[in-house]
Amino acid sequence: MHDLARALADQLHPGAAPRDVTVSFGARRQAPIEYRSRGRGGPVTVYAQALHAALYGLPTPDESLPTALDSLLQATHTATAPEQKTAVLQQVAEQLRNAAEIIQRYQHRAQWDRFPTDVAEQLATAHDQARQIAQALDRAAPAFSHQPTTSRAQAAHGIATTPVAPPPTPAPRHR
């Protein structure tokens with residue numbers, strides 16, 4: 001299964017990590033209409049697992065949602081080195097960017113399916129906020145790679161501390 005995932009990831013770029021690659025399937029325009037209205041995609045590792053099971057007649061495990069944030073939460077308890085702390089925050093920022101993309105897809109789906117307008121607007125707001133939080137984490141994460149002096153020590157040495165400004169509020173969306 002891992003070889004399949006690696007081979008699929010290599011189709012994007014040789015040496016690409018399977019965890020960083022997604023796949024998307026769709027039908028060509030000449031296909032019957034019932035195929036063209038559907039598309040499917042997801043992590044290459046999930047498709048490799050399903051393909052492996054289908055090729056070798058193995059049972060497919062019940063699909064569960066990925067729990068990467070659960071793992072990151074656990075990593076916060078064990079990360080002791082400054083670089084590890086920075087890496088955890090950077091990974092959380094990356095997961096938030098992924099979440100923003102998921103939210104945006106559902107926003108577009110809500111618009112396409114003609115859900116009430118407020119549903120798409122709420123999803124648009126959530127998308128913007130997730131991206132802003134990810135950007136704020138990108139700016140804050142490097143600070144954990146250095147052992148900062150405490151505020152008290154800085155004050156004792158006459159070094160002024162400046163508070164970190166919160167991320168800007170999202171601009172209203174116009175449609």
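Predicted model: local features only at pLDDT ≥ 70, side-chain atom pairs only at ≥ 80, totals over all residues.

Visitor: What makes E101 partly exposed?

Guide: Partly exposed covers the range between the 20% limit for buried and the 50% limit for exposed. The relative accessible area of E101 is 41%, and therefore E101 is partly exposed. E101 belongs to helix α5.

Visitor: How do you know whether T86 is buried or exposed?

Guide: The limit for buried is under 20%. T86 has a relative accessible area of 5%, so T86 counts as buried. T86 lies in helix α5. Its contacts, apart from neighbours within four places in sequence, are A141, P142, F144 and S145.

Visitor: How are α5 and α6 oriented to each other, and why?

Guide: Helix α5 spans residues 82-112 and helix α6 residues 117-140; their axes come within 8 Å and cross at roughly 165°. Angles over 145 degrees count as roughly antiparallel. The two helices are therefore roughly antiparallel to each other. Their crossing is left-handed.

Visitor: Which residues of α5 and α6 make the contact?

Guide: On the α5 side they include L89, V92, A93, L96 and R97, and on the α6 side they include H127, A130, R131, A134 and L137. By class, this contact has 17 nonpolar, four polar and three charged residues.

Visitor: What makes α1 oblique to α3?

Guide: Helix α1 (residues 2-12) packs against helix α3 (residues 44-56) at an angle of about 130°, with the axes 8 Å apart. Roughly perpendicular ends at 115 degrees and roughly antiparallel needs over 145; the rest in between is oblique. That is why α1 is oblique to α3. The crossing of this pair is right-handed.

Visitor: What does the contact of α1 and α3 consist of?

Guide: L4, A5, L8 and A9 come from α1, while V44, T45, A48, L51 and H52 come from α3. The classes are seven nonpolar, two polar and no charged residues.

Visitor: Which residues form the largest nonpolar core, and why is such a set called a core?

Guide: The largest nonpolar core has six residues, A9, A16, V21, V23, V44 and Y47. The name applies because a core is a set of buried nonpolar residues joined through side-chain atoms within 4.5 Å. V44, one of the six, touches A5, L8, A9, P18, V21, T22 and V23 when residues up to four places away are not counted. A second, separate core of five residues includes L89, A93, A134 and L137.

Visitor: How many helices and strands does the chain have, and in what order do they run?

Guide: The chain has seven helices and two strands. From the N terminus on, the order is α-β-α-β-α-α-α-α-α.

Visitor: What part of the chain is buried?

Guide: Buried residues make up 19% of the 175 residues. As for contacts with a separation of 6 or more, 52% join residues 24 or more positions apart.

Note on methods
Residues numbered from 1 in each chain as written. Heavy atoms only, no water. Axes fitted to C-alpha atoms, helices over the stretch in contact; angles between N-to-C directions. Helix = DSSP H or I, 4+ residues; strand = E, 2+ residues; numbered from the N terminus. Parallel < 35°, antiparallel > 145°, perpendicular 65-115°, else oblique. Left-handed = near helix turned anticlockwise from the far one by under 90°. Contact = heavy atoms within 4.5 Å. Nonpolar A, V, L, I, M, F, W, Y, C, P; charged D, E, K, R; others polar. Buried < 20%, exposed > 50% of the residue type's maximum accessible area, 1.4 Å probe, protein only.
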